[in-house]
Amino acid sequence: ADATTNGGGGGGGLNHLPRRHSDVVRHGVSAAAGSAEVRLVDSTCAPGGLRVPLTTQQCKQFFAAATNLDGFTIAAALITLVCAPPQGTQNAWHAQVRALCIIEEAFNADASKLVGDIVAGVRAEAEVVTELANDPNAHEKARQKAVEVAKKIAETSSAGGAPLIPSAVELTTNVPLEAAPSSGLSAVDQLMLL
């Protein structure tokens with residue numbers, strides 16, 4: 001999969017999201033094309049097959065295979081697939097759903113340095129999951145999984161009691177967040193500065 005292009009196949013929309021991975025991951029970590037982390041994510045999340053969502057067991061196998069890899073780079077590769085699934089296939093949304101399954105399982109998994117780094121990397125880019133959850137052009141199954149994962153991130157992420165991403169009600173009704181102070185920064189970016 002080409003992590004540098006924006007996918008839209010199979011109703012995958014998200015044309016408003018960044019096109020280059022370096023634009024997606026702004027917090028100092030990127031997934032270099034061809035790295036062991038990207039190869040593992042791409043092979044695990046590749047479109048195709050009859051069963052789209054990954055099982056808990058498949059996610060555990062993924063974490064076992066990733067034991068000696070960098071969790072932040074894995075998070076960057078997963079976020080890349082969420083916002084820019086591979087082009088050239090009608091089932092590009094499969095990659096989004098599978099990446100979201102791994103992200104969700106990371107939030108449910110037993111604590112380890114790898115899982116902690118993946119969770120931290122995903123939290124830093126949580127708005128990408130929220131955008132997919134709210135994208136009316138996204139494939140319905142990808143959008144539904146993004147809503148589930150965004151809820152999980154919101155349940156487990158807070159700074160001073162404020163969720164890092166919109167609540168589940170806001171995700172499902174597209175009600176805008178309260179207006180942020182006039183700093184010009186998004187609510188997520190403001191929380192990152194705390």
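Let's start with the surface. The accessible surface of this chain comes to about 9,200 Å². Carbon and sulfur atoms account for 53% of that. Keep in mind that this is a predicted model.

Now the inside. The chain has 194 residues, and 46% of them count as buried. Next, the contacts with a separation of 6 or more. Of these, 73% join residues 24 or more positions apart.

On to secondary structure. We have 10 helices and two strands. Along the sequence, the order reads α-α-α-α-α-α-α-α-β-β-α-α.

Let me pick one helix pair. Two packed helices are described by the angle between their axes and the distance between the axes. Take α4, residues 71-83, and α5, residues 92-108. Their axes come within 8 Å. They cross at roughly 140 degrees. The crossing of α4 past α5 is left-handed. Which residues make the contact? From α4, they are Leu78, Ile79, Leu81 and Val82. From α5, they are Ala95, Gln96, Ala99, Leu100, Ile102 and Ile103. By class, that contact has nine nonpolar residues, one polar and no charged.

Last stop: aromatics. The structure holds one aromatic pair. The partners are phenylalanine 62 and phenylalanine 63. Their ring centres are 5.8 Å apart, with 75 degrees between the planes. That geometry is edge-to-face. Are these two residues buried or exposed? Phenylalanine 62 counts as buried, because its relative accessibility is 2%, and buried means under 20%. Phenylalanine 63 is at 9%, so this residue counts as buried too.

Conventions. Residues are numbered from 1 along each chain as its sequence is written. This is a predicted model: local features need pLDDT of at least 70, side-chain atom pairs count only at pLDDT 80 or more; totals for chains, interfaces and linings use all residues. Side-chain values use heavy atoms; hydrogens and water are left out. Axes are lines fitted to C-alpha atoms, for helices over the stretch in contact, and angles run from 0 to 180 degrees between N-to-C directions. Helices (H or I, at least four residues) and strands (E, at least two) are DSSP runs, numbered from the N terminus. A crossing is left-handed if the near helix is turned anticlockwise from the far one by less than a right angle, and right-handed if clockwise. Contact means heavy atoms within 4.5 Å. Ala, Val, Leu, Ile, Met, Phe, Trp, Tyr, Cys and Pro count as nonpolar, Asp, Glu, Lys and Arg as charged, and the others, Gly among them, as polar. Buried means under 20% relative accessible area, exposed over 50%, partly exposed in between (1.4 Å probe, protein chains only). Accessible areas come from the Shrake-Rupley method with a 1.4 Å probe; for residues, only the protein chains shown count as cover. Rings of Phe, Tyr and Trp (its six-membered ring) pair if their centres lie within 6.5 Å; planes under 30 degrees apart count as stacked, over 60 as edge-to-face and the rest as tilted.
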